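The following note sets out several points on the aromatic contacts of the structure shown below. Please read it alongside the sequence.

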Amino acid sequence: MYFAKIHFWLVGMTNEHREILQGIAPLERFSHHYFPMKSMEELQEDYEPGIIMVVIVDEAADFSLEALKNTVPAAKVVYCTSHPGELSAELLSAVDFLWSKPLTKPLLSFYFSQLVQYLKQEKDLWLAETYLDNTIDPVPDLIWYKDIKGAHLKVNDAFCKVVDKTKEDIAGRGHCYIWGLTPEEYAQGEYVCMETEDEVINKGATCLFDEQVKTSEGMRFLLTYKTPIRDVDGTIIGTVGMARDVTKEREYQQKILEMAQNDALTGLANRRYMESYVKERLEKGDIQQQTFIYFDLDHFKDVNDTYGHAMGDRVLVGVASYMRKALPDAFLVRLGGDEFLAVFFDFISPEQLRVRVENFIAELQEYFETCLDIKSVSTSAGIVMGNSGASMDEMLRKSDVALYVAKNSGRACCRFYEPSMEQTEILK
């Protein structure tokens with residue numbers, strides 16, 4: 001894909017050496033150009049990005065390698081010497097390759113072939129990195145490469161955007177720093193994804209995870225693929241991950257689920273969801289006892305007729321709010337209209353339950369009178385307590401019977417279901 005020019009600047013080299021070098025054919029996609037260098041200014045004028053510059057210096061030349069490196073740092077420096085073991089550390093720091101003299105034709109050809117092969121490998125490596133960058137950077141998903149210790153070696157632009165850090169800042173750093181976790185969060189393993197990294201390494205295969213990470217913009221939900229990276233002998237030396245930010249999708253899904261499960265006005269569970277939820281709990285068999293409390297507002301129709309439906313909605317929202325405060329450990333439902341239900345699945349004593357329900361009825365009455373200035377509305381409740389195997393329909397029916405008795409007993413009160421109630425003719 002690429003075509004590379006190599007400019008060879010020869011300093012102190014003989015004509016014979018030059019002829020030998022010019023007689024060696026360039027590798028594919030490379031061209032060789034040779035220049036006798038007389039001054040540092042010539043080298044500066046020749047330099048331009050994209051051209052590979054190689055300066056071959058014979059030890060006999062009066063030439064400063066340190067000045068060369070300062071003038072054109074990108075140039076590759078070859079030093080030809082008959083005394084390699086006597087060179088100072090300062091001089092060696094300015095040299096990329098050492099060619100040992102005397103430079104016979106076979107030896108010079110060998111050195112030169114090694115040099116151009118090295119330059120080709122550098123160019124091929126650059127091309128491979130370019131391929132990789134141009135593949136992963138346009139991808140909107142997060143992509144990262146980690147070593148076996150969890151340090152990030154390479155990431156794409158999308159990753160940088162999410163963590164609000166540059167690639168240079170991320171390179172070599174761990175999860176805690178990159179995602180901005182506190183030491184406490186990191187120590188507890190929160191939002192660190194350590195378990196999933198270990199799972200990928202232990203399984204030695206690609207795995208799919210739902211992960212939650214903490215960012216500067218809040219919690220993000222990621223759908224993540226992680227796969228091991230192996231050395232030539234098969235040893236796992238790191239992992240590569242790709243994650244899609246599904247936070248918005250999860251929020252939409254949650255809203256849709258809430259709309260399907262909850263009453264739009266009060267936010268309580270709707271009847272349809274209540275039926276499926278209770279059925280699921282019954283099938284799991286994790287219920288100690290079932291307690292159904294059926295609530296109904298007294299004279300609610302008068303509120304709509306007198307004050308309008310807006311006030312009626314305020315009443316229903318208030319009921320739901322007070323139910324959450326008074327019965328936080330119950331499964332709360334708006335059955336429809338002005339009818340509500342609270343369900344307990346754990347053991348609760350009748351005495352304790354009576355006190356809680358009566359307090360709720362009294363608090364709600366005070367709310368209607370003082371906050372809404374409505375004195376005609378109250379709340380009645382029917383309660384039934386059953387074993388873990390009782391059917392939901394039967395529990396609803398019995399609690400409804402007890403509710404009718406409460407209404408027939410003067411309203412604004414609660415009654416526990418008794419079998420004798422079945423014989424009573426009750427009008428709501």
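1. The model under review is predicted. In this model Trp 144 has a relative accessible area of 5% and is buried, because the limit for that class is under 20%. Phe 159 likewise counts as buried, with a relative accessibility of 1%.

2. The aromatic pairs as a set. There are 16 aromatic pairs in the model. One of them is formed by Trp 144 and Phe 159, whose ring centres are 5.9 Å apart; their planes stand at 55 degrees, so the pair is classed as tilted. Trp 144 belongs to strand E6 (residues 142-147), whereas Phe 159 belongs to helix H6 (residues 157-163), and the pair thus links distant parts of the chain, 15 residues apart.

3. A stacked pair. The rings of Tyr 277 and Phe 331 have centres 4.2 Å apart and planes at 10 degrees; since planes under 30 degrees apart count as stacked, the pair falls in that class. Tyr 277 is in helix H12 (residues 271-284) and Phe 331 in strand E13 (residues 331-336), so the contact ties together parts separated by 54 residues in sequence. Phe 331 is buried, at 13% relative accessible area.

4. A cluster of rings. Tyr 277 and Phe 331 also belong to a cluster, joined by ring pairs, that includes Tyr 273 and Phe 345.

5. Charged side chains over rings. Arg 281 lies over the face of Phe 345, a member of that cluster, at 4.5 Å from the ring centre. Elsewhere, Lys 165 is placed over the face of Tyr 177, at 5.2 Å from the ring centre.

Notes
Residues are numbered from 1 along each chain as its sequence is written. This is a predicted model: local features need pLDDT of at least 70, side-chain atom pairs count only at pLDDT 80 or more; totals for chains, interfaces and linings use all residues. Side-chain values use heavy atoms; hydrogens and water are left out. Rings of Phe, Tyr and Trp (its six-membered ring) pair if their centres lie within 6.5 Å; planes under 30 degrees apart count as stacked, over 60 as edge-to-face and the rest as tilted. Helices (H or I, at least four residues) and strands (E, at least two) are DSSP runs, numbered from the N terminus. Buried means under 20% relative accessible area, exposed over 50%, partly exposed in between (1.4 Å probe, protein chains only). A charge sits over a ring if NZ of Lys or CZ of Arg is within 6 Å of the ring centre and within 35 degrees of the ring normal.
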